[in-house]
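The stops below are given in the order in which to select them.

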Amino acid sequence: MDGMPLNPSLPRRALLGALVLGVALPGGGRLARAQAAAVQPGTRVTAFLEIHPDGGFKLLSPYVEGGQGINTAMAQILGEELDLDPARFTVECAPPGPDYVLVDGLRVTGGSSSTRYSYDAMRRLGATARDMLIRAAATRLRVPAAQLRTENGMVIHAATNSLLSYGELAAAAMALPQSPDVPLRDPASFRYIGKPYPRLDVRDKSTGRAQYSIDAAVPGMKLAAVQHAPRIGTVAGALRNEAAVKSMPGVHSVHRLGDAVAVVADSWWRARKAVEALEVDWVAGQGGIPADFSSAGMLAALKADTGAGLAAETIGDADAALRGAARVIEAEYDAPYLSHAQLEPPSALARFDADGRLHLWLPNQMPDLFQGVAAQVAGIDPSKVVLHSPMLGGFFGRHFLYNNASPFPQAILLAKATGLPIKLIWSREEEFARDAVRPIGYARFRAGLDAQGKPVAFHARVIGEGPLGRYFGPAMGNPPVDSSAVEGIVGRHYAIPNRRTDYVKHPQPAVIAFWRSVGHSMNDFFHECFFDEMAAAGGQDPYALRLELLKDKPRQRALLEAVADLSGGWRRGPFAVDGAQRARGVAMASPFNSEVATIAEVSVKDGEVVVHDIWVAIDPGSIVNPAIIERQVQSAVTLGLSSALLEQVVYENGAPQARNFDAYPIMARDRMPRVHVRIVASGAPMGGIGEPGLPGVPPAVVNAVAALTGQRVRSLPLSKTRLGAS
């Protein structure tokens with residue numbers, strides 16, 4: 001889930017326009033703006049709720065379910081005010097349209113934004129629908145509305161013992177005008193919000209009935225597979241054995257698609273075997289990734305960049321404080337490119353109807369935007385694109401719109417060329433070849449300590465490029481500071497009187513992407529590990545120093561104390577457990593308007609780290625479903641730990657070297673630690689859930705390794721370093 005951060009200070013209309021321009025997608029932007037002008041998003045009950053006479057309830061969600069539990073959360077919120085058990089809803093992703101642009105004028109599933117940005121709107125929708133049903137019942141029963149009450153889908157008139165179901169009333173109720181201001185339920189009476197309500201999608205997922213894009217099928221469709229160019233920037237020339245491939249069993253046709261070739265066949269397996277058999281002369285095209293590009297070269301270039309930085313944060317006078325410090329320490333950190341490594345391979349199904357409409361099934365996190373692009377590719381008006389947004393088989397920012405990273409344009413072109421419905425599936429190898437990646441990260445730090453060993457100055461220099469700047473750049477001011485490149489380093493709560501963070505933009509040739517927790521996924525590792533270096537240089541315990549520097553931040557201090565309590569009390573170590581030495585590391589993070597404190601306990605075996613327990617205390621302000629929060633934190637811990645231990649995309653000769661999970665290892669089940677979660681609902685404005693559990697994990701683990709071994713690892717993943725302690 002995950003991915004795109006939303007900076008409230010940015011004008012949302014400008015962001016939409018920037019995104020449209022940044023990825024050359026004018027159709028979707030014009031359509032969304034024109035429709036939005038006529039509709040107040042999140043207000044029309046009939047756009048979100050269908051009540052059928054047979055008692056069925058369908059909730060059209062603005063968001064795409066991808067495992068984050070958003071369908072259940074939406075049903076809980078709307079059902080609370082509608083007075084309907086959430087289990088009675090069928091929840092589907094709504095089609096494109098202006099009713100659903102709830103995230104500050106955008107239709108997006110990402111940035112841990114879904115629940116917090118729609119909470120109020122969904123409550124109002126539920127309450128408004130309930131009011132309409134009561135008024136319809138009052139007319140039907142010829143009694144004052146004030147004499148009626150509701151209970152789980154029924155309107156009840158106690159004096160006459162009359163009962164009317166919502167289904168019986170739906171037609172009349174939905175024809176009534178909406179009341180502009182209906183009262184909302186007192187939170188003290190909530191029955192569903194704030195409770196660990198069971199997820200609505202568990203049964204379908206457990207029984208194999210859940211439908212993903214890869215499962216979509218229509219009559220008469222053919223299957224297609226592609227072979228991409230070895231490097232983005234080369235295109236297909238001659239096909240030396242085209243005739244022989246066309247004669248292979250089941251093959252319908254062979255196609256050139258710019259930087260790919262495709263085969264359409266009567267099964268995907270036959271299409272794949274045929275396309276893999278194609279002998280292609282790849283020739284130089286325009287743009288793309290340079291042939292000599294490598295991740296090692298990219299990191300070297302970042303380290304060598306001495307360009308002037310833009311001030312991302314300035315508090316006090318860091319330069320003067322560094323000059324006057326009793327001691328100055330320095331360090332540099334880096335983190336690699338990362339793949340999304342999602343479970344479901346990308347796919348798209350395209351079908352043109354006789355009336356010129358295009359039906360398109362594809363995984364996506366921004367339906368309106370994809371609708372506009374699809375229209376542009378097909379050469380039709382966006383209103384003729386019927387977009388279906390199935391459940392996502394993992395995303396983490398994977399299903400935004402990135403150049404060369406989605407199969408749906410290819411599926412549209414193949415459907416146009418053949419006149420047939422075409423389902424295109426990328427093999428795992430083609431997915432790894434074209435996945436847009438988390439940017440490589442690099443930062444250099446300096447800190448000044450006073451005579452007592454306490455930090456008085458902090459200076460960070462971040463060099464690189466973030467996805468927010470690349471795709472939303474024109475909306476970020478001039479010159480822009482890319483917040484996705486510096487988040488996790490700026491805005492920290494520690495009371496260090498003099499702080500400065502500079503940002504140096506250094507473009508990266510790779511197709512970069514939003515990844516779970518975005519910049520926090522690497523920058524909190526940088527910052528929180530350097531914090532421990534400051535503590536060590538000053539002879540301070542890192543946990544005690546954090547507590548001291550948070551003495552005026554009660555929310556963060558309470559969370560730090562909560563995670564220590566959850567872990568049985570802070571102890572850094574090393575200490576003996578079952579005859580082996582262990583140690584603990586701690587880290588804090590403030591991602592997506594939530595606050596998180598993390599402690600990890602590790603040992604080392606055969607030169608590799610073993611993580612035994614991770615404790616996470618999270619304060620999202622207020623909550624909808626604590627069970628989903630706990631699961632989201634657990635999954636974020638898993639991904640964060642996998643990235644810390646193992647994951648990296650290595651580019652050589654302009655292309656990623658790993659083409660499947662055998663060369664891109666992710667954490668195996670037997671390395672998964674016990675995860676303990678405590679939710680602290682402070683009552684602050686609601687923050688995000690899907691991403692905040694991740695950023696504290698890498699620094700907590702690496703800080704624990706440092707406490708145990710004395711080795712300070714400043715470059716991820718840990719698998720690159722053989723650890724010395726036994």
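**Stop 1: helix α18**

Select α18, which is mostly covered, with six of its eight residues buried. Buried means under 20% relative accessible area, exposed over 50% and partly exposed in between, with a 1.4 Å probe and protein chains only. Helices (H or I, at least four residues) and strands (E, at least two) are DSSP runs, numbered from the N terminus. This is a predicted model: local features need pLDDT of at least 70 and side-chain atom pairs count only at pLDDT 80 or more, while totals for chains, interfaces and linings use all residues. Residues are numbered from 1 along each chain as its sequence is written, and side-chain values use heavy atoms, leaving out hydrogens and water.

Show side chains for Pro-542, Tyr-543, Leu-545, Arg-546, Leu-547 and Leu-549, the buried residues of α18. They pack against β19 (455-464), α17, α19 (554-566), β22 (580-589) and α21 (697-709); contact means heavy atoms within 4.5 Å.

At the start of α18, pick Asp-541: one of its side-chain oxygens reaches to within 2.9 Å of the backbone nitrogen of Tyr-543. A polar contact is a pair of N or O atoms within 3.5 Å; within protein, one must be able to donate a hydrogen and the other to accept it, and residues adjacent in sequence count only if both atoms are side-chain atoms.

**Stop 2: α17 against α18**

On α17 the contact uses Glu-528, Phe-531, Asp-532 and Ala-535, and on α18 Pro-542, Leu-545, Arg-546 and Leu-549. These contact residues divide into five nonpolar, no polar and three charged.

**Stop 3: Asp-85**

Go to the loop between α4 (70-82) and β3 (89-93), where Asp-85 lies. Asp-85 counts as partly exposed because its relative accessibility is 23%. Leaving aside residues up to four places away in sequence, Asp-85 touches Asn-152, Tyr-192 and Tyr-197. A polar atom of the Asp-85 side chain lies 2.9 Å from the backbone nitrogen of Ala-87.

**Stop 4: Ser-165**

Select strand β6 (residues 162-165) to find Ser-165. Is this residue buried or exposed? At 18% relative accessibility, Ser-165 counts as buried. Beyond residues up to four places away in sequence, Ser-165 touches Gly-153 and Met-154.

Terms used:
Nonpolar A, V, L, I, M, F, W, Y, C, P; charged D, E, K, R; others polar.
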